[in-house]
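Dear colleague,

Please find the structure for your study below.

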Amino acid sequence: MAKLLISYIALSAVVLGLLNVLPITASRDLTFASKRASLVNQASLIGVSCEAVDNLAAGSIATVMSMLDTSDLDGVVVADSDALLLYDSRGAEALSDRETFNEATQAAFSGKDWFQSSFRSGEFLSAAAVPIMDGVNVSGAVVIYERDPVQGGVIVALSRNIQSISIVVMAAAIVLGLFMALMISGRMKRVLEAIKSVREGEYSYRIDVTGNDELTDIEREFNSLTDRLQKTEEVRRRFVSDASHELKTPLASIRLLSDSIVQNENIDPLTAREFVGDIGQEAERLTRMTDKLLSLTRFDNKVVSARERVDVAETVRRVAKLLEPLAGQKNVTVECSSSGDCHILASGDDVYQIAFNLIENAIKYNVENGRVKAAVTSEKGEVSLAVEDTGIGIPDEDLPNIFDRFYRVDKARAREAGGSGLGLSIVRSAVSEHGGEITARRAEGGGMVFTAAFPFFPAAENDTSEER
């Protein structure tokens with residue numbers, strides 16, 4: 001912030017310095033141009049008057065000068081072609097500026113007009129010279145001098161006024177710069193303190209947003225970021241807690257069953273075989289849960305699977321056939337239907353997993369002699385998979401949370417059905433990974449309808465093969 005303040009003050013000083021120099025320089029240049037035109041014209045008038053004299057001589061030149069008004073000039077000098085002074089209104093004073101006089105007469109003797117002006121000690125000192133012509137020959141020179149303290153005083157007054165204004169503006173700029181620096185520094189310190197607090201794990205920290213500037217936007221973005229961090233941390237903690245709890249349950253069962261076998265020396269083979277079978281079931285449950293956690297981790301890490309043109313309708317039919325034994329246990333009828341070209345660009349395994357989870361849930365949480373409809377449709381550039389069941393459905397208050405990890409509407413019923421609360425989370429992640437969207441709603445007459453929609457992917461023009 002100190003560097004910014006120093007840069008601001010330095011820039012202000014440079015700007016004010018230029019404002020002091022440029023107007024004064026421009027005013028002097030305009031005055032020089034004005035005086036050049038004025039003095040050269042006056043010198044030319046005197047030269048023309050001297051040209052009317054038949055013979056340049058001191059007496060005749062004095063007579064001519066007596067008829068001319070030269071009161072506004074500081075001095076007039078007339079010399080012949082031999083540089084002999086014929087008239088000098090300044091007398092001995094002309095000798096003090098001999099260098100300027102010599103330069104002026106040399107220019108005039110060569111047939112050129114000459115002018116020189118300077119601004120010193122608050123006044124303009126100017127001189128001009130013109131040749132006196134005798135036909136085509138130069139017969140002499142006129143040199144005039146002017147001292148102008150009036151216009152010099154105007155320039156001095158203008159310079160002083162600009163300097164006074166510059167001092168006031170500079171002081172105001174410094175005060176304003178200090179105020180802004182302190183204000184910005186204070187707000188930046190507040191943001192830095194907030195960042196340190198969040199870095200230490202205080203995700204609930206928020207900044208009181210004030211003002212309407214860029215720093216306000218930063219404060220709002222910080223609060224928005226901490227909101228997301230807090231939600232992510234809450235989800236992470238809940239995920240770790242739920243995962244630990246879910247993994248601990250089958251592990252505890254395996255430990256209990258194995259201890260029972262080890263500690264009971266007289267256990268009969270049939271009971272031991274039953275216990276070993278239970279251990280195997282719990283191990284399979286752990287394997288399924290681990291696979292689901294790995295799938296979620298893959299989606300979280302944005303690991304891109306190989307994609308191809310997949311027929312969603314064909315995938316749904318294969319899944320339904322695989323789940324026929326499970327449906328038969330509950331006397332649930334699974335109906336599949338499709339319409340149109342139902343191809344999408346996706347990973348075949350991910351599409352299979354989406355269909356499997358949705359149809360499996362529809363069977364598991366259905367009623368005896370229930371029905372599951374899996375319909376795949378293609379229209380308006382979109383392929384939709386709708387899975388409808390005749391189960392008891394999900395209460396409205398639970399609908400917003402059903403895609404959260406480890407969320408279960410009825411935990412006892414879910415465990416009884418072998419659910420882990422991860423299936424719908426995997427479905428949502430997989431659908432989102434492939435540019436789709438999934439929704440859930442209650443079906444008319446009971447049950448649920450889950451709809452996954454994907455962008456349609458047409459076949460290439462030169463692809464005449466038919467996928468099977």
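Angles run from 0 to 180 degrees between N-to-C directions, with axes fitted as lines to C-alpha atoms, for helices over the stretch in contact; contact means heavy atoms within 4.5 Å.

Please note that this is a predicted model, in which local features need pLDDT of at least 70, side-chain atom pairs count only at pLDDT 80 or more, and totals for chains, interfaces and linings use all residues. Residues are numbered from 1 along each chain as its sequence is written, and side-chain values use heavy atoms, with hydrogens and water left out.

Two strands pair if DSSP finds at least two bridges between them. Seven bridges join β10 (residues 382–389) and β12 (residues 448–455) in the antiparallel sense, and Ser384 stands opposite Ala453 in β12.

A second open sheet has five strands in the order β2-β1-β5-β4-β3, and its pairing is antiparallel. Its edges are β2 (85–88) and β3 (114–120); each has a single partner strand, so one side of each is left without a neighbour in the sheet. Strand β1 (residues 75–80) pairs with β2 over three bridges, and Val78 has Tyr87 in β2 as its bridge partner. Helix α2 (residues 58–66) packs on this sheet, touching β1 and β2, and its direction makes about 30 degrees with that of β2.

Finally, 11 salt bridges were found in the whole structure, a salt bridge being a side-chain nitrogen of Lys or Arg within 4 Å of a carboxyl oxygen of Asp or Glu. One of them joins Asp227 and Arg206 (2.5 Å, N to O). This pair links distant parts of the chain, 21 residues apart: Asp227 lies in helix α5 (residues 214–263), and Arg206 in the loop between α4 (149–199) and α5.

Yours sincerely

Methods. Helices (H or I, at least four residues) and strands (E, at least two) are DSSP runs, numbered from the N terminus.
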